[in-house]
Amino acid sequence: MIIGLEIHAELNTKSKIFCSCPAEFGAEPNKNTCPVCLGLPGTLPVLNKEAVRLAVKAGLALNCRINASSRFDRKNYFYPDLPKGYQITQYYSPICENGFIDIETAQGAKKIHISRIHMEEDAGKLIHAEDEPATLIDYNRAGIPLIEIVTEPDMNTSDEAAAFLKALKSILEYAGISDCRMEQGSLRCDVNVSVREPGNRKFGTKVEIKNLNSFRDVQKAIEWEQRRQEALLMTGRSGEIIRETRRWDAFKGETLPMRTKEDTDDYRYFPEPDLPLVIVDNELIRSISDELPELPRQKIERFAKDYMLSRYDAGILARSRHLADFFEEVVSFGVQPKEAANWITVELLRLMKNNTDTDGSMAEITINSKDLAELIKMVIEGKISRQAGKEVLSDLAASGRTPGQIIEERGLAQISGEEELNEIIKCVLAENADAVMEYKNGNMKINSFLMGCIMKASKGKANPNKAKELLEKALTYLRLF
Amino acid sequence: MRHLPIGHMTIDEIKKCYINKEFSVKEIISGYLQRIDSLDGCVGAFITVCDDTALKAAGELDERLALGEDIGPLGGIPVAIKDNICTRGIETTCASKVLAGYIPPYDATAVKRLKEAGAIIIGKTNMDEFAMGSSTENSAVKLTRNPWDLKKVPGGSSGGSAAAVAAGFAQLSLGTDTGGSIRQPASFCGVVGLKPTYGAISRYGLIAFASSLDHIGPMARNIKDCAAAFEVMRGYDTHDSTSAHNVPSSGSSGASCFSDMEEGIKGLRVGVPEECFGTATDNEVADAVLASAKLLEKLGAKVEKFSLPVFDPGLSAYQIISSAEASSNLSRYDGIRYGYRTDDFRDIDELMTGTRTEGFGREVKRRIMLGTYVLSSNGYDAYYMKALQRSRKIRDLFENAFRSYDILITPASPVLPYDIRKEENTSPASEGSAASGQQRQARSDIYTAAMNLAGLPALSMQCGFSKTGLPIGLQLAAGHFAEDKLFRAAFSLELELGIAGRMPLLKGADQYV
């Protein structure tokens with residue numbers, strides 16, 4: 001199977017690409033519009049320099065060549081969400097070309113090549129009215145800056161496609177280029193799939209799949225399409241695989257042919273006369289390159305080396321820049337890296353699982369790194385048990401209180417004081433004279449039973465390690481005397 | 001000065017009268033409005049007349065004058081604006097059904113600058129629909145007649161603006177020029193019209209026809225007024241990425257940087273392209289223009305005939321490029337957001353198709369179809385790319401010419417103003433007629449379109465009258481951003497010719513003449 005991806009990512013600029021309307025998500029319909037992005041008669045586009053910076057940044061982060069001069073073109077077609085009746089895009093000469101991302105596959109690292117990255121403007125959004133046979137149009141999205149990233153057909157499995165998308169999202173998010181959230185629409189992906197028989201050098205017929213709304217959709221659609229095409233090939237009906245665009249129906253779990261138009265679109269691309277060439281000089285490239293943060297791969301290496309973490313743990317922590325920074329902050333408060341990693345990758349992520357999108361986006365980490373550090377230290381110092389610590393963590397996520405406050409409110413403080421513990425042990429031993437008898441007779445396993453009693457007597461608050469230590473001391477004393 | 005008719009006064013003279021309290025702004029504006037009211041019925045220059053807002057603005061300026069304030073370089077001067085230039089709160093239709101009732105929420109930058117200089121918008125003028133045409137007969141709103149002979153066309157597409165100035169309905173007007181649409185009507189109506197260098201005046205607010213060829217430019221009854229308007233409007237605009245940075249701005253001393261207009265033209269090198277004086281040009285026109293060339297020589301210029309084969313090739317390249325860009329620029333008129341929308345539709349395709357079929361006139365549709373074809377995968381290389389290449393060649397030829405010459409002199413139109421015969425003038429080819437009305441109309445642009453391809457500044461002014469009393473215009477062209485040379489030559493010629501400011505006598509009494 002041969003897979004290529006076409007990805008659109010919304011850039012994190014403050015304003016739209018050709019006017020100064022805010023590029024924010026979720027505003028009241030048609031609030032963020034102006035004569036320019038509505039395409040009112042007489043208006044002209046003015047390029048937002050921030051969009052160029054982010055496009056170049058994306059190119060650098062994805063190992064592309066940045067073209068010193070690139071140009072905008074008009075893509076002409078009629079649709080209600082397209083105010084000017086054309087989209088301003090870069091067809092003939094894109095801003096970046098020939099890049100790559102390394103992904104991890106079962107067979108090791110693999111380079112997925114990127115053919116081009118270009119800038120273009122987004123269209124508005126059509127919404128079907130609920131109570132009447134009408135379509136409503138919201139132009140807030142019209143003019144939002146997009147980069148389109150086109151890969152070479154280098155992927156061969158749905159896993160590789162998913163790995164590519166995760167890696168791409170990670171990089172773009174890291175560099176602050178895009179939020180890359182498929183569910184919110186800031187990342188869109190179309191897939192091109194073809195299947196060819198092994199040994200056949202000729203590429204099979206390419207099928208385009210649209211309407212993919214999550215990474216899981218992408219994987220499932222590819223897998224389903226593979227099965228469909230393979231079935232046709234194997235039953236000698238390869239002629240039925242036609243070059244077409246199909247729609248992924250998540251409900252039905254299959255790709256369906258889209259309504260074909262009578263003629264294929266001729267977009268009549270021609271150079272946009274209202275905009276000059278986009279010139280990017282070496283100085284600009286250098287300044288943007290300096291702005292690039294440490295990217296995921298580098299971070300994983302550094303975490304593994306400097307913090308002595310396993311590549312697996314490092315990988316999880318580095319998945320999101322947010323999370324990686326959070327981890328380093330916690331460490332900076334004096335927590336052992338391994339402990340911090342463990343708490344974050346296991347406990348914290350488990351809590352956050354409910355809040356993440358299926359593509360693994362990080363919702364806001366609602367816990368303060370200082371608080372988490374304090375909590376971890378308390379557990380290590382034995383002030384509370386590990387179990388109690390997990391409960392505190394969950395509370396921390398929900399409330400705005402400090403660990404200390406929560407521990408006090410819920411009375412989770414662990415008993416670690418020797419005097420106090422010894423008191424309890426004394427009681428327990430006194431109440432369980434027969435158990436003590438068994439111990440004296442050589443049954444070492446009675447320890448766990450006695451530990452259970454101690455934990456019960458202390459309502460779970462006894463510091464298990466300390467209690468064990470003291471119990472053994474007491475028992476030894478009893479044995480000897 | 002009161003005995004001098006306003007129509008013959010320059011902006012400077014009117015301003016002096018304001019300051020000396022010879023008359024008030026309100027008096028002048030009322031005078032103009034009255035004249036429009038009584039005489040525009042037979043000329044038809046205006047689509048919209050802005051009585052209330054103009055009088056209100058006039059009142060405000062009078063108040064400021066009373067306080068001794070400076071009301072600006074164009075303070076109290078009435079300007080008519082072509083109806084494809086956006087004016088905030090004032091209907092702007094492009095003389096098309098598709099924009100009937102459309103009211104822009106913003107002013108074009110050129111309009112904004114005029115207002116900031118104190119000018120008063122007196123009305124919106126008639127034009128060929130979406131600026132496509134050379135006689136203003138393609139308007140979907142009304143007919144405009146040439147004030148010099150009401151049976152003749154005023155030229156186009158800025159026919160209304162030219163007629164308004166010629167008939168004394170405004171002191172200045174704004175036109176637009178994509179292939180000659182300021183210069184040709186200026187010459188048909190005996191007024192001055194300037195197509196500036198591409199990028200000298202911002203296109204923001206100019207409803208686009210062909211983006212790389214469109215220009216806004218001033219029209220007036222004399223050279224100095226035209227220069228004054230140009231100076232106010234020119235300069236870089238952040239809203240227009242194609243506007244030029246290196247346009248000289250007004251002199252800091254406050255004096256016009258065209259004050260050297262009066263210096264004379266001794267030593268000015270004038271080129272006369274011989275291709276403009278062949279059989280395609282009317283004899284009377286050729287004679288009048290060449291006579292003016294002789295006058296320039298008399299005034300000290302070095303005048304020389306030479307070959308400049310840009311005009312014929314330029315015309316077809318212009319038609320292809322302008323139609324291509326127009327087909328894209330006019331896609332936004334789909335009935336969804338503003339303007340006309342058909343009542344008869346069942347789905348989105350029918351809505352858009354019906355709106356455009358019913359809303360656009362024949363000439364507009366013709367050019368959209370042509371433009372769509374030359375951009376299609378079938379036509380792109382054969383037509384559009386070739387036209388762009390040819391355009392580049394023409395630019396080179398001009399660049400070469402302007403090494404040897406400071407200005408060029410040509411006719412503005414190959415023919416004299418012709419009869420209004422709407423159907424025949426706008427008809428496609430039919431049996432028996434050698435060339436269709438459309439083709440004849442298209443050739444009106446032959447001496448002007450090449451300048452649009454090269455982005456060069458060019459000015460049209462009256463250089464004489466025909467035997468039947470129709471104005472004959474000539475065109476002066478210069479190198480990029482050399483408008484000062486144009487004004488210098490034009491001013492000297494105007495002085496020498498002594499026919500500036502003469503206004504047509506219209507049917508019905510004139511209040512001021």
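Let's start with the length of helix 9 of chain A, residues 369–381. It has 13 residues, and at 1.5 Å a residue it should span 18 Å. The end C-alpha atoms are 18 Å apart, so the two agree. The expected span here is 1.5 Å times one less than the number of residues. Helices (H or I, at least four residues) and strands (E, at least two) are DSSP runs, numbered from the N terminus.

A word on the source. This is a predicted model: local features need pLDDT of at least 70, side-chain atom pairs count only at pLDDT 80 or more, and totals for chains, interfaces and linings use all residues. Residues are numbered from 1 along each chain as its sequence is written, chains are lettered from A and ligands numbered from 1 in the order written, and side-chain values use heavy atoms, with hydrogens and water left out.

Back to helix 9 of chain A. What caps its N-terminal end? A:Asn368 does: a side-chain oxygen lies 2.9 Å from the backbone nitrogen of A:Lys370. After the helix comes A:Gly382, with a positive phi near 85 degrees.

Which residues of this helix are buried? Among them are A:Leu372, A:Leu375, A:Ile376 and A:Val379. Buried means under 20% relative accessible area; exposed is over 50%, and partly exposed is in between (1.4 Å probe, protein chains only). The buried residues pack against helix 7 (321–332), helix 8 (337–352), helix 10 (386–398) and helix 11 (403–409) of chain A. Contact means heavy atoms within 4.5 Å.

Now helix 6 of chain A, residues 311–318. Its buried residues are A:Asp313, A:Ala314, A:Ile316, A:Leu317 and A:Ala318. Their cover includes helix 2 (158–174), helix 5 (296–306), helix 7 and helix 8 of chain A.

Next, the cores. A nonpolar core is a set of buried Ala, Val, Leu, Ile, Met, Phe, Trp, Tyr and Cys residues joined through side-chain atoms within 4.5 Å. The largest has 166 residues. B:Phe130, B:Phe169, B:Phe398 and B:Phe487 have the most contacts inside it. Beyond its neighbours within four places in sequence, B:Phe130 touches residues including B:Cys94, B:Ile207, B:Leu330 and B:Phe360. A second, separate core of 105 residues includes A:Leu168, A:Trp343, A:Leu349 and A:Val379.

On to strands. They pair in a sheet through backbone hydrogen bonds, either parallel or antiparallel. Two strands count as paired if DSSP finds at least two bridges between them.

In chain A, three strands form an open antiparallel sheet, in the order 5-4-15. Strand 5 (86–89) and strand 15 (270–271) are the edges, each pairing on one side only. Four bridges join strand 4 (residues 73–76) to strand 5 of chain A. One partner pair is A:Lys75 and A:Gln87.

Last, strand 9 of chain B, residues 407–411. Five of its five residues are buried. Two bridges join it to strand 7 (residues 269–273) of chain B, running parallel. Five join it to strand 11 (residues 471–478) of chain B, running antiparallel.

Key: Polar contact = N/O pair within 3.5 Å; in protein donor to acceptor, adjacent residues only side chain to side chain.
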